[in-house]
Amino acid sequence: MKFGRAVAAAALLAVVTACGSGTTTGAGSGGGKVGIDHPRADSDFWNSYIKYVPQMAGELKVDLMPATNSQNDVAKLVNNVQALIGQGAKVIVMAPQDTGAIANTLQQLENKKIPVVTVDTRPDKGKVYMVVRADNRAYGTKACEFLGEKLGGKGKVVQLQGALSSINGRDRSEAFLECMKAKFPGITVFSEPTDWEGSKAASMLQTRLEQNPDIKGIYMHAGGVHLAPTLQVLKQKGLLVPPDDPKHIFVISNDGIPQEFEAIRKGDIDATVSQPADLYAKYALFYAKAAAEGKTFKPGPTDHDSTIIQLPNGLEDQLPAPLVTKENVDDKALWGNQVK
């Protein structure tokens, strides 16, 4: 997997330069300002993404406007988008956490011929120029297979879900449950919707462990918000022990932040799926610039180890997201090992 910083002029095999009125975007071929809204600042993952954005904008020579932050509030996101449009944005980059509630705003942007690139989340409805995302169903499947094998196909596990109003929460949860049912029917799964909030995760995990002290596995949908409270609960209960201790609870996460890598090295957790925060920033801005220049894309493989797929409401570039365990946690190519 390549995580290099340089982006070639024609960065994708699937790119087709728009050359007629039928294929140019509303932004036209002359480029323009790119408005960007960050979804939150209370997650280590998203804070890492936020730090990558200006770096990638410089490398790609994107005319990036000062960012807004909607703080996990769809009403603020709507207001921020309106403000960015008022300030001259020709393309909008956003990461809507409630993927159903943004449909009306996407319709308004389509009416104004302003292309939209979404990062990490795929809107349920509403036209998008490109979704920059990893395969979130694969996250759930990888977590299921990891825990299923560690538990020998038997026992109890807790799934600390994200928000089920988000396609990411639904994809990870559904894939995890489907995989468990099909491959490890001897494992009981307790699913707890946390709305991506660490305090809810801690409370729900505490309750489940009190009711079921024989729980042996935990799947955290988001290490950026779930890691610290989960480790705190396990420590309080005397369960934060090495993997070779019979009391050890096997934990797998999603995100790939440095804190997860350190927890893997310590033996506090066992694995994570690395969401590429650097590539999210890089390709969100790449596609935003392409939209401003009037370019279009087709489904198919890319030159950066991903695949563009067709959606009912646009296209999605599914970026690679590797499983990280103690065997490869020190791989320097992982973005979590590049953060200072």
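This is a predicted model: local features need pLDDT of at least 70, side-chain atom pairs count only at pLDDT 80 or more; totals for chains, interfaces and linings use all residues.
Strand β10 covers residues 250-255, and strand β11 covers residues 271-274. The two pair in the parallel sense over 4 bridges.

Now widen the view. β10 and β11 belong to an open sheet of 6 strands. Read across, the order is β8-β7-β9-β10-β11-β16. The pairing is mixed. In general, strands of a sheet pair through backbone hydrogen bonds, either parallel or antiparallel. The edge strands here are β8, residues 187-193, and β16, residues 323-324. Each of these edge strands pairs on one side only.

A helix lies across part of this sheet. Helix α6, residues 198-211, lies across β7 (155-161), β8 and β9 (217-220). Helix α6 runs at about 145° to β8.

Strand β13 is residues 300-301, and strand β14 is residues 307-311. They run antiparallel, joined by 2 bridges. P301 stands opposite T307 in β14. The hairpin formed by β13 and β14 has 5 residues between the strands. In its turn, D305 has a positive phi of about 60°.

β14 also pairs with strand β15, residues 314-319. Here 5 bridges join the two strands, again in the antiparallel sense. I308 has D317 of β15 as its bridge partner. A hairpin of 2 residues links β14 to β15.

Past β16, find D330, which lies in the segment after that strand. Is D330 buried or exposed? D330 counts as exposed, because its relative accessibility is 53% and the cut-off for exposed is over 50%. Which residues does D330 touch, leaving aside its neighbours within four places in sequence? Its contacts are R265 and N337. Compare D330 with V251: they are 79 residues apart in sequence and 18 Å apart in space, C-alpha to C-alpha.

Finally, look inside. A search of the whole structure finds 1 cavity of 30 Å³ or more. The space in the largest cavity is about 140 Å³. Its lining is made of 16 residues. Nearest the centre lie W46, Q97, D120, W196 and A222. Which elements give two or more residues to this lining? They are α1 (44-60), α5 (167-183) and α7 (223-236). By type, the lining residues divide into 5 nonpolar, 7 polar and 4 charged.

Notes: Residues are numbered from 1 along each chain as its sequence is written. Side-chain values use heavy atoms; hydrogens and water are left out. On a 1 Å grid over the protein atoms alone, a cavity is a set of points where a 1.4 Å probe fits but cannot get out, and a pocket is an open set with protein on both sides within 12 Å along at least five of seven lines; lining residues have an atom within 4 Å of a point. Grid points are joined across faces, edges and corners, and a volume is the space filled by probe spheres set on the points. Ala, Val, Leu, Ile, Met, Phe, Trp, Tyr, Cys and Pro count as nonpolar, Asp, Glu, Lys and Arg as charged, and the others, Gly among them, as polar. Two strands pair if DSSP finds at least two bridges between them. Contact means heavy atoms within 4.5 Å. Axes are lines fitted to C-alpha atoms, for helices over the stretch in contact, and angles run from 0 to 180 degrees between N-to-C directions. Buried means under 20% relative accessible area, exposed over 50%, partly exposed in between (1.4 Å probe, protein chains only).
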